[in-house]
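Please open the structure in your viewer and keep the selection panel at hand. The tour below goes from one selection to the next and says what is to be found at each stop.

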Amino acid sequence: MTALTGWGRTQPSVATVVTPANEHDVLDILSRATRGVIARGLGRSYGDAAQVSGGIVIDGRGLGGIGPIDESTGEVTVGAGTSIESLLATSVPKGWFIAVSPGTRQVTIGGAIAADVHGKNHHRDGAFCQHVRSMRLVTPTGAMTVGAANDPEVFWGTAGAMGLTGVVTEATLALIPIETDRVLVDTDRCKDLDALMAAMATGEEDHRYSVAWVDCMATGSSLGRAVLTRGDHARREHLDAREQGRAIAPSASGLLRVPWRAPSGLLNRASIRAFNEAWFRRAPTHRRGEPVSLGAFFHPLDFVTDWNLLYGRRGVVQYQLAVPDRSGETVRRAIELLATSGVPSFLAVLKRFGPADPGFLSFPIEGWTLALDMPVGPPRLPGVLDRLDELVAADGGRVYLAKDARLDPRHLPAMYPRLDELTALRARLDPHGVLNSDLARRLGV
Amino acid sequence: MQDAFGNPQRIVVLGGSSDIARAIAVRLCRERARTVVLAGRSEALLSDAASELREAGATEVPLVRFDAAVPSSAAATVEACLEAAGGPVDLVVVAVGALGDQALDEDDATRALEVVNATYTWPVAALSALRGRLVAQGTGRILVCSSVAGVRVRRANYLYGGAKAGLDATCVGMAESLRGTGVALQILRPGFVRSKMTHGRPDVPFATDVDAVADVAVAGLSSGQPVLWSPPILRYVFAVLGLLPQGVWRRLPG
Ligand SMILES: Cc1cc2nc3c(=O)[nH]c(=O)nc-3n(C[C@H](O)[C@H](O)[C@H](O)COP(=O)(O)OP(=O)(O)OC[C@H]3O[C@@H](n4cnc5c(N)ncnc54)[C@H](O)[C@@H]3O)c2cc1C
């Protein structure tokens, strides 16, 4: 029996963890189970998605392996337990990058499919599963290979379904070609939210990648001040002659560990405010075309492993909302509510989303997405987040299940109107309701 | 399932007509609690509590009857409550006890037994029936209402205080036994609470009321502290009171 939590370390629950090595083992577990079963990757979802108390958790990391990369199409078949980090370690030196990368490379392909993760390029490239050519899915009633063309119901039902349709054992992904291992980055400091949102809304077609870090503790005329970074993969011709010979180096990932369990409250109001201030001041007002490594651009947080420990014993919650384009005002009110409530929030992330993805439970909808990290502890926090739910739901928006640990279940059907389609699919693939998770129980999925 | 802030969705209250338990349940229903199983002796009090909980947001409030005077009924009561809950239970509140009437009880074996059975034996039997069931769930919490009466027992209510002392000590041990199981047990130690149980008794220093105790209990579900005192200052007051010589302790008011 093992106690498991998500990245936020908020809701421990105990289950039996098993590590199948192949599809056959997975099928065996699913077809005999009399308790709830759910798959788990690297546990980077914040809440209780990858755990099922009293049940069986399938540790997907045993399902590894990286096949050869097709040099003409960039297609590669990988085990679902492969991390994006290890895939990149193999593919980048050969000139291939992952089409969609979340803010950390410490996620598995299975986890990326289950959350249908998005990156800084959603406005252009959509979410992760749009780049999945096919996947092998094991359900309690059998295993199948599905793609968007041959079985759109199962494929798009699985995208974003948080592991509730079955266990993905393998997937074929389409990678994108890169000429160098650098990104050319434009940085702009924006003095307030209006300036930021105007810059983001108008310039979005000019760059493949775009993200803003917002200081959610600044109030008054600085409300929503932010650092906007936008970038594109550097081409070989962008490097100076000296560097063109080694446009791609074998990447070395310098990982500093936080070697101790930080006391609760080390990240407190004062230290978070000071950090946010320093972050804002450090950024250049405007800078163009600065070459930055792939790691520093895509996964800046990965330089410190286990940073979630800094939040201490009570853990951290992340609130990520998406609202339609017309609801920019909701983004402002969310930031305002937070800034004035006195609840400390580390740098928040604001991004643009392109058109919604076809997954029944995929999170993105065209418009804005805002993600905020907050330590558990301030007594006002639960109420503030409940208020945010109301605002978001009333606007036709939603919160991201991969980050959720506290949504009021009443809002779920409005936020995810295609939930019924998932329910119907699950009734077919899993008639005895074997697949289950603490998140599914909590939200009544 | 409970959320990141320790808010439960499905709860069982043993001693559902206790004012404190009811006030805790009302607060939890205003958050995420939707199913509350109320177990107690008086049908009338339970139905009254049930309608208050529905108003606060509960959608299912099954009632279970039991009599804490009969310790052998504890296991079946727990079973019936878990059954009625219809799914994994996030929180069990144990608020069972009888204050008795010390003057009448202290020289009467039958009456003394009634106080001890309701305050100690029945709850311990219930906790023992519950423990394995929650461990199998891999999650859940138990909140046991103890009392400062058991922290240092007084002449004025030593039967009740002694029974609470036994319950409290048993729970300290049981909480240890639950480490690593996903289940946690928290002990609530209120001071003198003005309620129907203590109606007509004179106030003592640090007296508190039901709402204040319930607030402390609910905040404690989020903080996860193993022992919750209400008012919180009693933690320190009793650290000192515990050291007083018996002669001084005897003369303190209350
Ligand atoms: C620092 C940080 C930054 C992040 N940035 C982003 C971001 O920019 N964009 C974004 O979209 N997300 C982001 N995330 C969230 C993260 O990408 C997702 O939660 C992702 O699902 C985590 O993958 P994992 O392998 O850790 O899966 P886990 O957290 O272990 O599991 C997540 C879900 O996937 C399911 N699952 C796992 N493996 C399988 C499998 N083999 N088959 C079926 N289901 C499976 C689980 O059941 C669970 O429901 C971030 C998280 C962190 C900690």
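In which loop of chain B is the place of B:Pro231? Bear in mind from the start that this is a predicted model. Select B:Pro231 and follow the chain to either side, and you will find that this residue sits in the loop between strand E9 (227–230) and helix H8 (234–241) of chain B.

**A backbone stop in chain A**

Move over to chain A and select A:Asp116, which has a positive phi of about 40° although it is not a glycine. Its setting is again a loop, here the one between H3 and helix H4 (122–125) of chain A.

**The ligand and its shell**

Next, select the ligand together with the 35 residues around it, among which A:Ala39, A:Gly41, A:Arg44, A:Ser45 and A:Thr108 come nearest. If you colour the chain by its elements, you will see that strand E3 (37–40), helix H3 (109–114) and strand E9 (167–174) of chain A each supply at least two residues of this shell. Coloured by class instead, the shell around the ligand shows 20 nonpolar, 11 polar and 4 charged residues.

Then turn to the polar atoms of the backbone. An oxygen atom of the ligand is 2.9 Å from a polar backbone atom of A:Gly103, and the distance of 2.9 Å from a ligand oxygen to a polar backbone atom is found again at A:Gly111 and at A:Met162. Taken alone, the ligand exposes 960 Å², and the protein buries 97% of that area.

**Where chain A meets chain B**

Zoom out until both chains are in view, and select the 24 residues of chain A that are in contact with 19 residues of chain B. The area buried between the two chains is about 1600 Å², with carbon and sulfur atoms giving 54% of it.

Across this interface the rule finds 2 salt bridges, and one to display is that between the side chains of A:Asp408 and B:Arg32, with 3.8 Å from N to O. The interface of chain A and chain B also holds 10 residue pairs in polar contact. On the side of chain A that touches chain B, strand E2 (13–18), helix H11 (381–394) and helix H14 (438–443) each supply at least two residues, and H11(A) gives the most, with 5 residues. By class, the residues on this side of chain A divide into 9 nonpolar, 5 polar and 10 charged.

**A last stop within chain A**

A search of the whole structure finds 39 salt bridges over all chains. For one within chain A, select A:Glu153 and A:Arg428, whose closest N and O atoms are 3.0 Å apart.

Definitions and conventions. Residues are numbered from 1 along each chain as its sequence is written. Chains are lettered from A and ligands numbered from 1 in the order in which they are written. This is a predicted model: local features need pLDDT of at least 70, side-chain atom pairs count only at pLDDT 80 or more; totals for chains, interfaces and linings use all residues. Side-chain values use heavy atoms; hydrogens and water are left out. A residue is near a molecule or strand if one of its heavy atoms lies within 4 Å of it. A polar contact is a pair of N or O atoms within 3.5 Å; within protein, one must be able to donate a hydrogen and the other to accept it, and residues adjacent in sequence count only if both atoms are side-chain atoms. Accessible areas come from the Shrake-Rupley method with a 1.4 Å probe; for residues, only the protein chains shown count as cover. Helices (H or I, at least four residues) and strands (E, at least two) are DSSP runs, numbered from the N terminus. Ala, Val, Leu, Ile, Met, Phe, Trp, Tyr, Cys and Pro count as nonpolar, Asp, Glu, Lys and Arg as charged, and the others, Gly among them, as polar. Contact means heavy atoms within 4.5 Å. Buried area is the accessible area (1.4 Å probe) that two parts lose on being put together, summed over both. A salt bridge is a side-chain nitrogen of Lys or Arg within 4 Å of a carboxyl oxygen of Asp or Glu.
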